[in-house]
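Student: I have a sequence and a model open, and I would like to go through some local features by question and answer.
Tutor: Go ahead.

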Amino acid sequence: MATYFVGDLHGCFDELQLLLEKVRFNSDDFLYLTGDLIARGDKSLECLRFVRSLGNQAQTVLGNHDLHLLSCAYGIKKVKPRDNLTALFAATDFAELIDWLRYQPLFVHHEQLGFSLSHAGISPDWDIATAQSCAKEVETVLQHGDIKNLLSQMYDSQPDRWSPNLQGIDRLRYSINVFTRMRFCYADHRLDFECKAPIDQAPPELKPWFECDNPIFQQENILFGHWASLVDCPTPSNIYALDTGCAWGNRLTLLRWEDKQIFSQSAVKNVGDYL
């Protein structure tokens with residue numbers, strides 16, 4: 001029995017299957033996914049169907065592309081041609097897949113296995129209990145509340161700084177942005193959404209969220225995706241950046257938790273095939 005984590009799929013179904021074959025993934029194993037199952041690669045439909053078919057043998061968190069898919073499905077936004085989602089929207093089980101997707105969490109904390117998982121990271125102003133609470137607030141609206149209102153108002157970068165006094169859509173939007181969009185922060189912990197560069201190319205006033213002065217960034221094992229330009233950049237030993245840009249022609253990465261062994265599968269298509 002083994003526990004695996006895989007980085008952003010972005011429709012790279014073939015690479016996922018090759019990786020799972022490589023580690024002989026079976027019914028006794030469990031797979032966690034960093035979100036962004038869809039968009040850019042040519043097999044988003046297959047990715048959604050497969051992860052859903054694993055049932056209680058897998059758990060994904062929601063990424064920014066997953067939330068954008070929900071917005072498109074609810075008629076709030078239009079599908080971007082480059083996201084390559086025609087087959088998904090034409091699928092006979094599209095409604096069922098969308099309903100399954102909106103019930104996925106933003107954050108997973110596993111006390112026994114000793115890790116926390118989200119698509120983009122954890123706010124430098126949060127402890128684990130706050131992260132869990134803020135994730136639950138958003139998940140409750142997605143699953144049982146006015147989902148269309150939430151999705152229509154999430155497209156904004158403000159507020160960019162946490163306060164426990166945040167309420168309503170501001171509080172929900174901040175949490176969504178932390179869990180699905182965050183990369184760099186300023187010294188005062190304000191979030192920056194403009195810079196997507198590798199760390200060594202970022203402006204000097206910015207630092208990656210996991211280098212901010214939050215004790216849990218030294219104490220907690222944190223796994224995330226989202227930041228493909230971190231590929232091959234060193235991170236602290238307890239910080240696992242798993243998006244290695246497969247949809248951009250790089251590779252898909254799988255981590256076996258028990259021994260921290262990394263498995264990789266190069267992209268089977270050129271990045272130009274997706275653009």
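Tutor: A polar contact of 2.7 Å joins the side chains of Thr244 and Thr253. Keep in mind that this is a predicted model.

Student: Which backbone oxygen does the side chain of Thr244 reach?
Tutor: Thr244 is found in the loop between β10 and β11. Leaving aside neighbours within four places in sequence, Thr244 is in contact with Val231, Asn250, Arg251, Leu252 and Thr253. The backbone oxygen that its side chain reaches, at 2.8 Å, belongs to Arg251.

Student: Is Thr244 buried or exposed?
Tutor: Buried means under 20% relative accessible area, and exposed means over 50%. Thr244 has a relative accessible area of 6%, so it is buried.

Student: Which residues are the closest to the centre of the second largest pocket?
Tutor: The second largest pocket has a volume of about 260 Å³. Its lining is made up of 17 residues. The closest to the centre are Ala241, Leu242, Thr244, Thr253 and Ile262.

Student: Which elements give two or more residues to the lining of the second largest pocket?
Tutor: By class, this lining divides into 10 nonpolar, four polar and three charged residues. The elements that give it two or more residues are β10 (239-241), β11 (251-256) and β12 (261-266).

Student: What is the volume of the largest pocket?
Tutor: The largest pocket is lined by 29 residues. Among these, Asn64, His65, Arg183, Lys196 and His226 lie nearest its centre. The volume of the largest pocket is about 690 Å³.

Student: Which element gives the largest share of the lining of the largest pocket?
Tutor: Two elements give two or more residues to this lining, namely α3 (64-73) and α8 (168-180). The largest share is four residues, and it comes from α3.

Student: How many residues in the lining of the largest pocket are charged?
Tutor: The lining is sorted by class into nonpolar, polar and charged residues. There are nine nonpolar and nine polar residues, and the number of charged ones is 11.

Student: Where is His226, and what is its phi?
Tutor: His226 lies in the loop between β9 (222-224) and β10. At 8% relative accessibility, His226 counts as buried. It is a residue other than glycine with a positive phi, near 70°.

Student: What is the phi of Asp36?
Tutor: Asp36 sits in the loop between β2 (30-33) and α2 (44-53). Its relative accessibility is 2%, so Asp36 counts as buried. Although Asp36 is not a glycine, its phi is positive, about 55°.

Student: Is the peptide bond from Gln158 to Pro159 cis or trans?
Tutor: Pro159 is placed in the loop between α7 (147-153) and α8. The peptide bond from Gln158 to Pro159 has omega near 0°, and it is cis.

Student: Which are the edge strands of the open sheet of three strands?
Tutor: The order of this open sheet is β7-β6-β8, with antiparallel pairing. An edge strand pairs on one side only. The edge strands are β7 (191-192) and β8 (207-208).

Student: What is the bridge partner of Cys185 in β7?
Tutor: Strands of a sheet pair through backbone hydrogen bonds, either parallel or antiparallel. Here β6 (residues 184-185) and β7 run antiparallel and are joined by two bridges. In β7, the bridge partner of Cys185 is Leu191.

Terms used. Residues numbered from 1 in each chain as written. Predicted model: local features only at pLDDT ≥ 70, side-chain atom pairs only at ≥ 80, totals over all residues. Heavy atoms only, no water. 1 Å grid on protein atoms, 1.4 Å probe; cavity = no way out; pocket = protein on both sides within 12 Å on 5 of 7 lines; lining within 4 Å. Points joined across faces, edges and corners; volume = space filled by probe spheres on them. Nonpolar A, V, L, I, M, F, W, Y, C, P; charged D, E, K, R; others polar. Buried < 20%, exposed > 50% of the residue type's maximum accessible area, 1.4 Å probe, protein only. Pairing = 2+ DSSP bridges. Polar contact = N/O pair within 3.5 Å; in protein donor to acceptor, adjacent residues only side chain to side chain. Contact = heavy atoms within 4.5 Å.
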